[in-house]
Amino acid sequence: MSDIERESENPLRLQAIAVLRKRREFRSHLLVYLLMNTAFVTIWATTTPHIFFWPMLPILFWGIGLVMNGWDAYHDDLSEERIEREMEHLRHTR
């Protein structure tokens with residue numbers, strides 16, 4: 001077995017790769033959010049600035065999704081201590 005194959009089977013390495021991918025995807029999502037909502041505000045400001053500020057709707061609702069995506073990418077609640085505690089709980093409930 002080659003070093004590359006051995007490394008790809010390392011569960012810690014696979015977990016690290018998954019975390020890094022989530023974080024990269026979040027940064028891409030954030031960039032698209034900023035660019036698109038800037039475009040929406042620019043369109044609103046140049047066409048109908050005297051009426052309802054409609055860009056607020058995608059900013060707000062898309063922003064909720066963005067926050068959830070960021071929480072998923074950066075909040076690590078799977079510490080070893082929590083895993084052990086949950087395993088202990090499951091042992092006692094059976």
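These legends accompany several views of one predicted model.

**View 1. Four helices make up the secondary structure of the protein.** Read from the N terminus, the order is α-α-α-α, and there are zero strands. Helices here are DSSP runs (H or I) of at least four residues and strands are E runs of at least two, numbered from the N terminus. Residue numbers start from 1 along each chain as its sequence is written, and side-chain values use heavy atoms, without hydrogens or water. Because the model is predicted, local features need pLDDT of at least 70 and side-chain atom pairs count only at pLDDT 80 or more, while totals for chains, interfaces and linings use all residues.

**View 2. Helices α1 and α3 mark the two ends of the confidence range among the elements.** Mean pLDDT (the predictor's confidence in each residue, from 0 to 100) is lowest in α1, residues 3-8, at 58, and highest in α3, residues 56-74, at 96. For the protein, the mean is 87, and 89% of residues reach 70 or more. A friendly caution: where pLDDT is low, the predicted coordinates should not be read in detail.

**View 3. Burial in the protein.** Of its 94 residues, 10% count as buried, meaning under 20% relative accessible area with a 1.4 Å probe, protein chains only.

**View 4. Contacts along the chain.** Take residues at least 6 apart in sequence: 55% of their contacts (heavy atoms within 4.5 Å) join residues at least 24 apart.

Conventions:
Buried means under 20% relative accessible area, exposed over 50%, partly exposed in between (1.4 Å probe, protein chains only).
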